[in-house]
Each structure stands twice: as C-alpha cells, then as structure tokens.
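Work through the exercises below with the sequence and the model in view. Try each task before reading its solution.

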Amino acid sequence: MNSAEAFQGWLETFGLPVYASSSVTSDTKLPYVTYDWATGDILSGEVNETVNVWYRTTSEAVPNAKADEIGKALGLGGVMLPYDGGGMWLKRGSPFCQSVTEDGGNVKRRYINIDIEFIGL
C-alpha cells in the first residue's frame, strides 16, 4: 500500500466515507470526509495535510465531536502509519481545527490541519 492509501485507510477508521477532494461528485451525500493529498519523503520535513469533515446539520455538536475524535486519535505525540517503503508520522497541525459554515449555515465543515513527517520514500 502506498502512502496515500495508508492515509485514506486511517481516515476511514472514523466511520465516515472518505474522498480525495477532487473525487467528490455533486450527488455525494453528507456526512463525509475529504482530504487534499500532499506527499513528501524523508528529506521534505513536515508536509501539511488538509482534512475536511462535512455535515449537513444545524448543530455544532456533531461535527465538533468528530473533530475531537480525530484529535484524540492523534493524541499529543501523533500516530505512525506504515506504508510500502516507509512510514508517516501524523501530528496535530496548528491550528488543529477551524469551524466553517456553508450553505446558509446548514452545512458545517471542520477544517483540520495534520502535519505529516515522511520516514522513507
């Protein structure tokens, strides 16, 4: 499995459908997670990855809870994900999560920053 597949697999553990941002179609039903894949290698330093959690709701509680779940999974020390040829150290970016409202307030999005340090190719 390559690094993108490993990252998507990790995101899928949070119980929502996961799509690369470029793969979401107009008929995709909320809730879901999107990400904009950025890659690197051992010489790249930290690479910032953007993850968006999308819900159609008037409540802030549900999207906040999912962002908290992702944050708790990362913990304070991060998570190491293996992939063919190396691994990725996922860490909380800064700011970790920002609240965004769209579609007149009916769509809640949580913009999450994850820093990735690639260990290998």
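**Exercise 1.** Which residues do ring pairs link into a cluster?

Solution. The structure is a predicted model. Ring pairs join Phe7, Trp10, Phe14, Tyr35, Trp37, Tyr83 and Phe118 into a cluster. The structure holds 8 aromatic pairs.

**Exercise 2.** Classify the pair formed by the rings of Trp37 and Phe118, and find where each residue lies in the chain.

Solution. Step 1: the ring centres of Trp37 and Phe118 are 6.3 Å apart, and rings pair if their centres lie within 6.5 Å. Step 2: the ring planes of Trp37 and Phe118 stand at 80°, and planes over 60 degrees apart count as edge-to-face. The Trp37–Phe118 pair is therefore edge-to-face. Step 3: Trp37 belongs to the loop between strand 2 (32–36) and strand 3 (46–56), while Phe118 is in strand 6 (residues 107–120). The two residues are 81 residues apart, and their pair links distant parts of the chain.

**Exercise 3.** Are Trp37 and Phe118 buried or partly exposed?

Solution. Buried means under 20% relative accessible area. Phe118 has a relative accessible area of 1%, so Phe118 is buried. Trp37 has 29%, so Trp37 is partly exposed.

**Exercise 4.** Find the buried residues of helix 1 (residues 3–12) and explain why they lie on the same side of the helix.

Solution. Step 1: the buried residues in helix 1 are Ser3, Ala6, Phe7, Trp10 and Leu11. Step 2: they cover an arc of only 135° around the axis, which puts them on the same side of helix 1. Step 3: an α-helix has 3.6 residues a turn, so residues three or four places apart point the same way.

**Exercise 5.** Which residue caps the N-terminal end of helix 1?

Solution. The cap is Asn2. A side-chain oxygen of Asn2 lies 3.1 Å from the backbone nitrogen of Ala4.

**Exercise 6.** Describe the sheet, beginning with the order of its strands.

Solution. Step 1: 6 strands make up an open sheet with the order 1-2-3-6-5-4 and mixed pairing. Step 2: strand 1 (18–20) and strand 4 (79–83) each have a single partner strand and stand at the edges, so one side of each is left without a neighbour in the sheet. Step 3: from one strand to the next, the twist averages 30°. Step 4: strands 1 and 2 run parallel and are joined by 3 bridges. Val18 has Val33 in strand 2 as its bridge partner.

**Exercise 7.** Which ring does the charged end of Lys91 sit over, and which face does Arg92 lie over?

Solution. The charged end of Lys91 is over the ring of Trp89, 3.9 Å from its centre. Arg92 lies over the face of Phe96, at 4.3 Å from the ring centre.

How values were computed
Residues numbered from 1 in each chain as written. Predicted model: local features only at pLDDT ≥ 70, side-chain atom pairs only at ≥ 80, totals over all residues. Heavy atoms only, no water. Buried < 20%, exposed > 50% of the residue type's maximum accessible area, 1.4 Å probe, protein only. Helix = DSSP H or I, 4+ residues; strand = E, 2+ residues; numbered from the N terminus. Arc of directions from axis to C-beta. Polar contact = N/O pair within 3.5 Å; in protein donor to acceptor, adjacent residues only side chain to side chain. Phe/Tyr/Trp six-rings, centres within 6.5 Å; stacked < 30°, edge-to-face > 60°. Lys NZ or Arg CZ within 6 Å of the ring centre and 35° of its normal. Pairing = 2+ DSSP bridges. Axes fitted to C-alpha atoms, helices over the stretch in contact; angles between N-to-C directions.
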